[in-house]
Amino acid sequence: MPKPFKKNQKRYNKGPVAPKLAGNVLVFFLVFMLLVALYTVLSGGAKKSDVVSLSLVASQVSDGNVKSIDVSGDKLSITLSDGTLETSKKETESGLSETLSRYGVSPDLLKKVDVSVASESSASFWLLTILPIALPIVFIILFFWFVARQVRGAGVQALSFGQSKAKITDPSDKNNKVTFKDVAGNKEAKIELTEIVDFLRNPKKFLDIGARIPKGVMLTGAPGTGKTLLARAVAGEANVPFFHLSGSEFVEMFVGVGASRVRDLFQMAKRAAPAIVFIDEIDAVGRVRGGGMGGGNDEREQTLNQILVEMDGFEPNEKVIVMAATNRGDVLDPALLRPGRFDRRVMLDLPDRADREEILNIHSREKPFAEDVNLKVIAERTPGFSGADLYSLMNEGAILAAREDRKKVSQFDLIRSIEKVMLGPERKSHLLSLEEKRIVAYHEAGHAIVGSVLPESDPVHKVSIVSRGRAGGYTLSLPLEEKRLESRQSFYDDLAGLFGGYVAEKMVIGDITTGPSNDLQVATNLARAMVTRWGMSDAIGPVALENDGGRLIGGGMPVEHGYSENMSKEIDAEVKRILEEARTRAEETLTKHRSALDAVANKLIEVETLEQPEYEEIIKMHGIVPKKKG
Ligand code: ADP
Ligand code: ZN
Ligand code: MG
């Protein structure tokens, strides 16, 4: 009987930095090569010509073979009478006639030659002189500039520590606008937050009358109950900017960055006031201090301190409200919850049946439904689902319909999605051998029969030996109505149900497999919690010896439990007794209803999945009365 599990959602938005940088450096090198090539062409001259010595030029002039000479700086471009081109170089410090006369060319002969002198200060002369020196320098400067820009642009912020990385939602941004209409259920929370909205909309009214407005609101609730959504909705309702930063983002970088980010964040918010600063997952920085190893995590502590300093430093008219969210309200540092800080606490619950229907309705906007869709039924079948689960259920349903090329989402798509969200995707390809199939069928039938017989367990909705996620098969049972409180008797029945698989395997196969390992774990944890947390053991008495789920403090060592070695032995004995009792009850039940067990198991081997009506049909034939509503 695998229980639905919740995924804790975390998002990371860091992309790899290196490829982008490398790409840009490459582009830069290409540009550089191009410049070099350009220079070569410029200085090399466009026409193809032979380079000759000055003495040859002199003799050619003497022979009267030269038609013209162009002088540009100390470069000579010579055109011979037959049209051939030559280049040469004169001495830098003397003129052309002076140079040639030194080679024995008389000025008279030179007069026959058409000599033109290009201006020495011409642009190209300077370019050609300066470029060889300037180009490398320009290159080096550009290179450093590029690298510096890349490093900053990539968000590493090695050159500019601390700038807040808050995501800002502007009130005029219609696409990202969320209002209370988008949040289903949570009526009390909304009423509580309406006050904040009123203040942000019209702060003057409150300030004029001298009212002190809360600085901090702490949203607590299970993952996926809509804390982030609700915080956004407050900003949307009040029409103010929303600065959003996640606690885990503080912790990711160098020491000391967290605190300066907080400072920047609050500075920005004050400039934009009235505004909301939202610190999501604040437990990442705000856990109880001083419990960790090695003096705790300094970075976290400094960040937390900075948040507190900023909140304490608000002027009464600052008009910035800080909201924070956590799903571990129990581990928060008490300093955060002091009056004047996060003194308003808003709890978000898992949605009840009506709320679930409302959430499903919200997420069915823009989804075309077939006529058979009945969201009420879906809501009934999803106790324990959070808003986020329901959102992903709707999405899975639409994906299923699209994959099968249908234009509308049908009820069957949604029903299949419930199980997918609860248990993970089906693994049809996971083929069982005949013997394995028999074992799994008896295992699941065992859970189902015990669940159907014992009065306090939930009715069976579905039994299947199709493997899903990590489970080999599964038995789905759902409560007839929403339960907020669980009784000791219902736990006893649940425990017996958990042993149904284990006992059936042993009775029928004569051996025990690894199949029930998860069942045993769940059963043991449950029995232990009954003894140490809920005072449900008569031998130990009404005392809470442990907190929620073996809690850790400061992210380090487990807390030492406050009881003796002796007590620890007594607890173990009690847990063992409760488990043994549960097993015995399962054994008795299955022995008594062996024919029903065989019938259900055999049908499962044949069809693999039994829905509630077919299942109840079978057990009725073997003398078990199915549980009825009401
Ligand atoms: P949390 O911050 O409590 O973990 P989120 O606010 O991130 O949960 O909720 C995740 C998604 O689940 C939301 O974006 C929304 O689509 C859906 N959701 C959760 N609660 C509700 C609700 N009460 N009404 C409508 N949608 C909800
Ligand atoms: Zn099982
Ligand atoms: Mg969240």
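Asp519 is buried, with a relative accessible area of 5%; buried stands for under 20%, exposed for over 50% and partly exposed for what lies in between, taken with a 1.4 Å probe on protein chains only. This is a predicted model in which local features need pLDDT of at least 70 and side-chain atom pairs count only at pLDDT 80 or more, while totals for chains, interfaces and linings use all residues. Residues are numbered from 1 along each chain as its sequence is written, chains are lettered from A and ligands numbered from 1 in the order in which they are written, and side-chain values use heavy atoms, with hydrogens and water left out.

**Overall make-up**

- The protein has 22 helices and 14 strands, where helices (H or I, at least four residues) and strands (E, at least two) are DSSP runs numbered from the N terminus.
- Of its 630 residues, 41% count as buried.
- Among contacts between residues at least 6 apart in sequence, 74% join residues at least 24 apart; a contact is a pair with heavy atoms within 4.5 Å.

**The zinc site**

- His443 (NE2), His447 (NE2) and Asp519 (OD) coordinate the zinc ion (ligand 2), at 2.1 Å.
- Donors are N, O and S atoms within 2.8 Å of the metal (3.2 Å for Na, K and Ca), and as water is not among the atoms, sites may look incomplete.
- Along the chain, the donors of the zinc ion (ligand 2) have the spacing H-x3-H-x71-D.
- His443 is buried at a relative accessible area of 6%, and Asp519 is buried at 5%.

- Six of the six residues of strand S9 (residues 275-280) are buried, so S9 is largely enclosed by the rest of the structure.
- On one side of S9 lie Ala275, Val277 and Ile279, and on the other Ile276, Phe278 and Asp280; all of these are buried, which leaves both faces covered.
- In a regular strand, side chains alternate between the two faces of the sheet.
- S9 pairs in the parallel sense with strand S8 (residues 242-246) over five bridges; two strands pair if DSSP finds at least two bridges between them.
- S9 also pairs in the parallel sense with strand S10 (residues 320-326), over five bridges.
- Ile279 of S9 stands opposite Leu245, and its bridge partner in S10 is Ala324.
- Five of the five residues of S8 are buried, so S8 too is largely enclosed by the rest of the structure.
- From S8, Phe242, His244 and Ser246 point one way and Phe243 and Leu245 the other way, all of them buried.
- Strand S6 (residues 167-169) pairs with S8 in the antiparallel sense over three bridges, and Ile168 stands opposite Phe243 in S8.

**Cavities**

- Five cavities of 30 Å³ or more turn up in a search of the whole structure.
- On a 1 Å grid over the protein atoms alone, a cavity is a set of points where a 1.4 Å probe fits but cannot get out, and lining residues have an atom within 4 Å of a point.
- The largest cavity holds about 110 Å³ of space; a volume is the space filled by probe spheres set on the points, which are joined across faces, edges and corners.
- Its lining has 13 residues, of which Thr169, Lys177, Arg232, Ala235 and Gly236 lie nearest the centre of the cavity.
- Helix H8 (residues 227-238) gives the most to this lining, with three residues.
- By class, five lining residues of the largest cavity are nonpolar, four polar and four charged; Ala, Val, Leu, Ile, Met, Phe, Trp, Tyr, Cys and Pro count as nonpolar, Asp, Glu, Lys and Arg as charged, and the others, Gly among them, as polar.

**Single residues**

- Thr220 lies in strand S7 (residues 216-221) and is buried, with a relative accessible area of 5%.
- Leaving aside residues up to four places away in sequence, Thr220 touches Lys227, Thr326, Gly329, Arg345, Val346, Met347 and Leu348.
- Most residues other than glycine have a negative phi.
- Glu366 has a positive phi, near 70°, in the loop between helix H13 (353-362) and helix H14 (375-380).
- Glu366 is exposed, at 83% relative accessible area.
- Glu608 is not a glycine either, yet has a positive phi of about 75°.
- Glu608 sits in the loop between helix H21 (594-607) and strand S14 (609-611), and counts as partly exposed at 29% relative accessibility.

Note on methods. On a 1 Å grid over the protein atoms alone, a cavity is a set of points where a 1.4 Å probe fits but cannot get out, and a pocket is an open set with protein on both sides within 12 Å along at least five of seven lines; lining residues have an atom within 4 Å of a point.
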